[in-house]
Structure formats: C-alpha cells, structure tokens
Amino acid sequence: MVFEEKMILNGDPEEDPLETIRQKCEETEHCVHTRERLEACETRVGSRSESTEDCTEELFDFLHARDHCVAHKVFHSVK
C-alpha cells in the first residue's frame, strides 16, 4: 500500500534500478562465463534435429550467478 502511494505521489520511476543492476551484474566475469556456457549449450542443442538434452542446468547457473550479484547491490538503491 505504501509503495502504491509513493507511485501515485511521485509518478513512475524513469528507470527500474533492478534492471540497471542486473545489466551491470551480467557484465561481471562470473556471469559472462556462465552466459557463455548457456549460449554454447543452446547452440549445441539447436544444431541437432533430435536431442534429449536441454539447457536447464546452464540457465539456472546463469540466473543464480546474476541474482547472487544483484542481491548484494540492490538494497543500496532502495529508499
């Protein structure tokens, strides 16, 4: 309820700080490495006509690495 009141009084924020932090975290070395593994998996699976492999593990690894980075930074931008 308080958040909605702030939105009404102050208007929508121009840029979502969470998205900004996510983009910065995706540029860190660990996230770049896990994204490369995810993209390699997607390329490998996409090149086959039939495959039982999916890239769920690689996707979760990337999301975990990004969210771990975000968790340490997001609360500094919360008012």
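Trainee: C55, then. Buried or exposed?
Mentor: C55 counts as buried, because its relative accessibility is 13% and the cut-off for buried is under 20%. Keep in mind that this is a predicted model.

Trainee: What does C55 form with C41?
Mentor: C41 and C55 form a disulfide, with the sulfur atoms 2.1 Å apart. C41 sits in helix α3 and C55 in the loop between α3 and α4, so the link ties together parts 14 residues apart in sequence.

Trainee: How accessible is C41? What's the number?
Mentor: C41 has a relative accessible area of 0%, so this residue is buried.

Trainee: How many disulfides in total?
Mentor: The count comes to 2 disulfides. Besides C41 and C55, C25 and C69 form one, their sulfur atoms 2.1 Å apart. That pair links distant parts of the chain: C25 is in helix α2, C69 in helix α4, and they are 44 residues apart.

Trainee: What is the torsion for C25 and C69?
Mentor: About -75° around the S-S bond, so that disulfide is left-handed.

Trainee: Is C69 buried or exposed?
Mentor: C69 is buried, because its relative accessible area is 13% and buried means under 20%. C25 is buried as well, at 1%.

Trainee: What pattern do the disulfides follow?
Mentor: The pattern is 1-4, 2-3, counting bonded cysteines along the chain. C31 is in no disulfide. The nearest cysteine sulfur to C31 is that of C69, 5.7 Å away.

Trainee: Why is C31 left out?
Mentor: A disulfide needs the two sulfur atoms within 2.5 Å, and the nearest cysteine sulfur is 5.7 Å from that of C31. C31 counts as buried, at 1% relative accessibility.

Trainee: Back to C25. Which residues does C25 touch?
Mentor: Leaving out residues up to four places away in sequence, C25 touches C31, R66, C69, V70 and K73. C69 is the disulfide partner of C25.

Trainee: And how far is C25 from A65? What are the numbers?
Mentor: C25 and A65 are 40 residues apart in sequence, and 8.7 Å apart in space, C-alpha to C-alpha.

Trainee: Changing topic. What does α3 look like?
Mentor: Helix α3 covers residues 29-46, which is 18 residues. The helix reaches 25 Å from first C-alpha to last, close to the 26 Å expected at 1.5 Å a residue.

Trainee: Which α3 residues are buried?
Mentor: In α3, C31, T34, L38 and C41 are buried. They cover an arc of only 90° around the axis, which puts them on the same side of α3.

Trainee: What do the buried residues of α3 pack against?
Mentor: They pack against α2 and α4. On the face of α3 turned away from its buried side, the exposed residues are E29 and T43.

Trainee: Now charges. How many salt bridges?
Mentor: The structure holds 7 salt bridges. One of them joins D61 and R37, 3.5 Å from N to O. D61 is in helix α4 and R37 in helix α3, so the pair ties together parts 24 residues apart in sequence.

Trainee: What about R35? Which residue does R35 pair with?
Mentor: R35 forms a salt bridge with E26, with the closest N and O atoms 3.0 Å apart. R35 counts as partly exposed, at 31%, and E26 does too, at 22%.

Trainee: And R66? Which partner?
Mentor: R66 forms a salt bridge with D67, with the closest N and O atoms 3.6 Å apart. R66 counts as buried, at 13%, whereas D67 counts as partly exposed, at 36%.

Trainee: What are E26, R35, R66 and D67 linked in?
Mentor: They are linked in a network of salt bridges. R66 is also one of the residues touched by C25.

Trainee: Last one: T56. Where is T56?
Mentor: T56 is in helix α4. T56 is partly exposed, with a relative accessible area of 33%. The side chains of T56 and D54 are joined by a polar contact of 3.1 Å.

Notes:
Residues numbered from 1 in each chain as written. Predicted model: local features only at pLDDT ≥ 70, side-chain atom pairs only at ≥ 80, totals over all residues. Heavy atoms only, no water. Buried < 20%, exposed > 50% of the residue type's maximum accessible area, 1.4 Å probe, protein only. Contact = heavy atoms within 4.5 Å. Helix = DSSP H or I, 4+ residues; strand = E, 2+ residues; numbered from the N terminus. Expected span 1.5 Å × (residues − 1). Arc of directions from axis to C-beta. Polar contact = N/O pair within 3.5 Å; in protein donor to acceptor, adjacent residues only side chain to side chain. Salt bridge = Lys/Arg side-chain N within 4 Å of Asp/Glu carboxyl O.
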